[in-house]
Amino acid sequence: MSTHPAQPVPPPPPHPAAPAQPPGGGGDRRIWVVVAVVVALVALGGVIAAIALDEEDEDQPSFPIATGPAPPTGTPGPSAQPTGPTDATGPTGVTGSANPGCSGTPAPATLADGTYFGFVKSIDTGSDAMAFDLACFYTGDEANEQAAQRGDEVPVPNDVYIVNDNPATRDVPVDPGTELRLIDWNACCETSPGAELDALATAVAQEDFVEIDGRRYAGSLSPYWITIEDGRVVLIEEQFLP
């Protein structure tokens, strides 16, 4: 009987082990956790701050922005110093107002040739007619005297006082080629060329600022000086009252 040398017994297979961690792996995980917590806290703080700011804003009054210049005043009583196309004495250079009716004498139904202060109530370019409301434009001592008679502040603010006791209007023919010296309220407050009579008529009818072809008209919000020659209006000049 033959014998064979004993075969070596193979060693048992090794038990599966957990994958090896890279050096320092546990420490990196802890660092990332800390970073994530810090980021979350910062984000939360930002949200809280934003809420606080919103609540604070709600307590503050809101102020409207202005989209343009303030309407000129056109009512009787004290008004501001004109600094635009005319000075405090008006385009005629007279002190106070030379309008008929301002010196105590009744104004005639038909206005003679001359320069007058007042308010444009309407312009009909079809019939070339203007409805004009005479008013009195006072400066200096006359302004203070008129204000004192009406129980208003004396001295008057900015040395100018406008009186319009009689709202009656007069129809005055307007020359189609009348010269216009008007303010472009997009570039206040000097008069400038380029105004159109049709556009002024539209603005007067709307009783508000109107922008036409890039120019802004005040219409009936402004007072005007008109010059009449040969029975027709040949010049309309806007009076600036800030």
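Buried means under 20% relative accessible area, exposed means over 50%, and partly exposed lies in between. In this predicted model, Cys188 has a relative accessible area of 31%, so Cys188 is partly exposed. Its sulfur and that of Cys189 are 1.3 Å apart, and the two residues form a disulfide. The link of Cys188 and Cys189 is right-handed, with 85° about the S-S bond.

The structure holds 2 disulfides. Cys102 and Cys136 form a disulfide too, with sulfur atoms 2.0 Å apart. The torsion about their S-S bond is about -100°, so this disulfide is left-handed. Cys102 sits in the loop between strands S1 (77–78) and S2 (114–124), and Cys136 in strand S4 (residues 136–139), so the pair ties together parts 34 residues apart in sequence. Cys102 is buried at 13% relative accessible area. Cys136 is buried as well, at 11% relative accessibility. Counting the bonded cysteines of the chain in sequence order, the pairing reads 1-2, 3-4.

## Strand S11 and its partners

Strand S11 spans residues 232–238 and is mostly covered, with 5 of its 7 residues buried. Strand S6 (residues 170–183) runs parallel to S11, joined by 4 bridges. Glu179 has Leu235 of S11 as its bridge partner.

Strand S10 (residues 224–229) runs antiparallel to S11, joined by 6 bridges. Here Trp225 has Glu237 of S11 as its bridge partner.

## The S10–S11 hairpin

S10 and S11 form a hairpin with 2 residues between the strands. In this hairpin, Asp230 takes a positive phi near 55°.

How values were computed: Residues numbered from 1 in each chain as written. Predicted model: local features only at pLDDT ≥ 70, side-chain atom pairs only at ≥ 80, totals over all residues. Heavy atoms only, no water. Buried < 20%, exposed > 50% of the residue type's maximum accessible area, 1.4 Å probe, protein only. Pairing = 2+ DSSP bridges. Disulfide = S-S within 2.5 Å.
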